[in-house]
Amino acid sequence: MALMPQLGGHQGHDGPLGDAVVLVEASHDVDRPASLASQLLKLAGFLLELRDQAHLAHLNIEGPLFLPVHAFLGEQYEAIAGQFDVICEHVRAMGFRMPPSSPQLRGLCDCFCHCSATSAREILSSYGANLDCAAEMATAAEELAAKARQIDIQNSLAELVAHCRKGSWMLAATLAPQ
Ligand SMILES: [Fe+2]
């Protein structure tokens, strides 16, 4: 069964996403948790943005903490790329398709905070805030996965939440006043 996420409109799926993400179904199957798939797709779009923010910060960051922060951000974008793949594989395993282009996937997420600042503190603060947001989105998806009894998805989301929370804490500690 081919399922394709689209932007806008409303197909009547309940869930925390409102009308932002809609799944077009070729046929209706009440056992397929479309609201969970919608939340996972929105999260996947967010993770793409988060991965790119970490990579750009990895390249642009300057200052006395360059070496450890550069290494930290390198680990971050690689880890997030892995988390992105895991989340998307869950979507496919549930029988839903991914959007055919990166802009479409990114467009499913309207809550990412982009940072145009050049100071290390502002860049890292923005990235930390986005990590917190990703953790909240993943927690919301985990609640849907629990209702749908998708324990493998719950486990993946718990790992993502742990990654985001730890990264946020490490950034807050790095940015704490001396
Ligand atoms: Fe690098």
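Mentor: The account below begins with the model as a whole and then turns to the helix pair and some individual residues.

This is a predicted model, in which local features need pLDDT of at least 70 and side-chain atom pairs count only at pLDDT 80 or more, while totals for chains, interfaces and linings use all residues. Residues are numbered from 1 along each chain as its sequence is written.

The protein has five helices and two strands, in the order β-β-α-α-α-α-α from the N terminus. Helices (H or I, at least four residues) and strands (E, at least two) are DSSP runs, numbered from the N terminus. Of the 178 residues, 31% count as buried; a residue is buried if 20 or more other C-beta atoms lie within 10 Å of its own, exposed if 12 or fewer, and partly exposed in between, with C-beta atoms placed from the backbone.

The pair in question is H1 (residues 34–60) and H4 (residues 120–147), which pack at an angle of about 160 degrees with their axes 10 Å apart. Axes are lines fitted to C-alpha atoms, for helices over the stretch in contact, and angles run from 0 to 180 degrees between N-to-C directions. H1 and H4 are therefore roughly antiparallel to each other, a term for angles over 145 degrees. By class, their contact has 17 nonpolar, five polar and one charged residues. Here Ala, Val, Leu, Ile, Met, Phe, Trp, Tyr, Cys and Pro count as nonpolar, Asp, Glu, Lys and Arg as charged, and the others, Gly among them, as polar.

Beyond H4, Arg149 is found in the loop between H4 and helix H5 (151–175). Most residues other than glycine have a negative phi. Arg149 is exposed, with 9 other C-beta atoms within 10 Å.

Glu78 lies in helix H2 (residues 66–93) and counts as partly exposed, with 14 C-beta neighbours inside 10 Å. Glu78 and Arg51 are 27 residues apart in sequence and 7.7 Å apart in space, C-alpha to C-alpha.

As to confidence, the mean pLDDT (the predictor's confidence in each residue, from 0 to 100) is 86, and 82% of residues reach 70 or more. Over residues 1–20, however, pLDDT stays under 50, and over residues 26–30 it is below 50. Where pLDDT is low, the predicted coordinates should not be read in detail.

How values were computed. Parallel < 35°, antiparallel > 145°, perpendicular 65-115°, else oblique. Contact = placed C-beta atoms within 7 Å.
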